[in-house]
Amino acid sequence: MTINPNFPSELDIKPSLNAFARLSDDRFGATAQRRAIETYGIAGRVWEASYAMLAYLDRASSALDFRDDLELDPLPFTEAHRGQAPSSDVLTILELGSGAGLVATRISSYLREGRDAMIITDLPEVCPLLQHNLRGSAVVEVHPLSWGSRQDALSIASSLALSPERHLTHIICSDLHTHQHGLSQVYFPALLAPLLRTLLDLTSEPVTPPPQEPPEVIISYRIRSLAKETPFWAAFGLWFAFSPVLARQKARTADTPDGHGWERFVSAPGQEETFVFVARRRPESRAWDVPESDEDLLGGVGAGGSPGRKADDTFETILLMSLDPMDV
Ligand SMILES: C[S@@+](CC[C@H](N)C(=O)[O-])C[C@H]1O[C@@H](n2cnc3c(N)ncnc32)[C@H](O)[C@@H]1O
């Protein structure tokens with residue numbers, strides 16, 4: 001029996017409330033989400049970590065209180081392109097699990113027609129929702145991409161006609177670790193190993209042949225069940241170096257004459273459990289064999305060029321550093 005990840009049997013979800021729902025653009029408001037959930041299940045909802053992704057990448061949006069007082073590290077690519085001299089870099093962005101397409105809609109507003117490209121992807125049955133919500137966009141194309149399907153990754157690469165001038169610069173992953181209480185068998189590990197496999201495919205030959213720099217992977221993630229999510233990060237960190245986006249106040253005050261220190265970027269008060277990570281494929285990992293079994297992949301087999309099971313502790317270190325010292 002094939003399990004449909006967007007319609008698990010206990011599904012009971014409601015639209016998320018957000019600043020974008022107040023905009024005149026109602027494609028992502030409560031009514032639109034309610035309708036989309038009926039047809040597309042989980043994929044029809046706008047998930048919480050996408051708001052953190054947009055707080056990072058879409059600071060100029062009228063839907064958000066632009067936090068001009070914050071410096072961000074790394075600078076979002078959407079702002080690097082708003083410098084005084086227009087950047088000559090060509091952007092080629094691929095999004096995985098785009099769902100209703102809110103993140104793509106906002107990012108596409110920063111792209112330059114005729115030059116940049118954005119491919120948004122999801123399961124084949126979700127693509128009509130993306131096509132509908134992104135209709136009329138001159139820079140965005142919708143393609144099916146089921147995680148774990150090497151064929152899908154390769155066919156996108158060939159339709160983009162990737163070349164030294166046109167190579168993947170960014171991969172966007174917004175809230176792809178989501179699950180609800182009771183839905184854990186659906187999302188873990190059955191989907192997360194294929195997700196990691198797709199990230200490996202997209203950053204390996206032939207999609208990204210050396211010496212091309214691998215794309216920057218930007219992931220927004222909300223902690224829902226650490227026990228189930230940690231194995232993904234323990235495997236991911238073996239193949240990708242990753243760290244949270246950092247922020248600091250620009251203003252200097254009498255108490256902080258040297259300015260404020262860098263801290264993990266938190267998109268809004270109370271959102272400490274939502275992270276925005278920036279990751280890059282570890283160069284040495286391109287020579288390692290990716291194991292065929294999902295269980296082996298999540299167990300770290302093949303990483304480091306060796307068959308033993310292993311785990312990376314970047315994620316645990318980030319969590320420990322995020323704890324308020326008063327709580328320890
Ligand atoms: C929780 S939703 C997140 C949607 C959107 N990115 C957001 O932040 O609102 C997870 C998305 O991943 C997609 N997805 C789940 N399993 C998938 C798979 N095996 N291959 C491709 N996409 C998948 C779902 O269709 C859904 O759109």
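The model is predicted, so local features need pLDDT of at least 70 and side-chain atom pairs count only at pLDDT 80 or more, while totals for chains, interfaces and linings use all residues. Residues are numbered from 1 along each chain as its sequence is written, and side-chain values use heavy atoms, with hydrogens and water left out.

Let's start with the ligand.

Now for the polar contacts, meaning pairs of N or O atoms within 3.5 Å. The side chain of aspartate 122 puts an N or O atom 2.6 Å from a ligand oxygen. Glycine 97 uses a polar backbone atom, 2.8 Å from a ligand nitrogen. The protein buries 97% of the 590 Å² that the ligand exposes when taken alone (Shrake-Rupley areas, 1.4 Å probe).

On to the backbone. Most residues other than glycine have a negative phi, and most peptide bonds are trans. Aspartate 175 isn't a glycine, yet its phi is positive, about 50 degrees. This residue is buried at 6% relative accessibility (buried is under 20%, with a 1.4 Å probe and protein chains only).

Two peptide bonds are worth a look as well. Aspartate 73 and proline 74 are joined by a cis bond with omega about 0 degrees. Proline 210 to proline 211 is also cis, with omega near 10 degrees.

Technical notes. Buried means under 20% relative accessible area, exposed over 50%, partly exposed in between (1.4 Å probe, protein chains only). A polar contact is a pair of N or O atoms within 3.5 Å; within protein, one must be able to donate a hydrogen and the other to accept it, and residues adjacent in sequence count only if both atoms are side-chain atoms.
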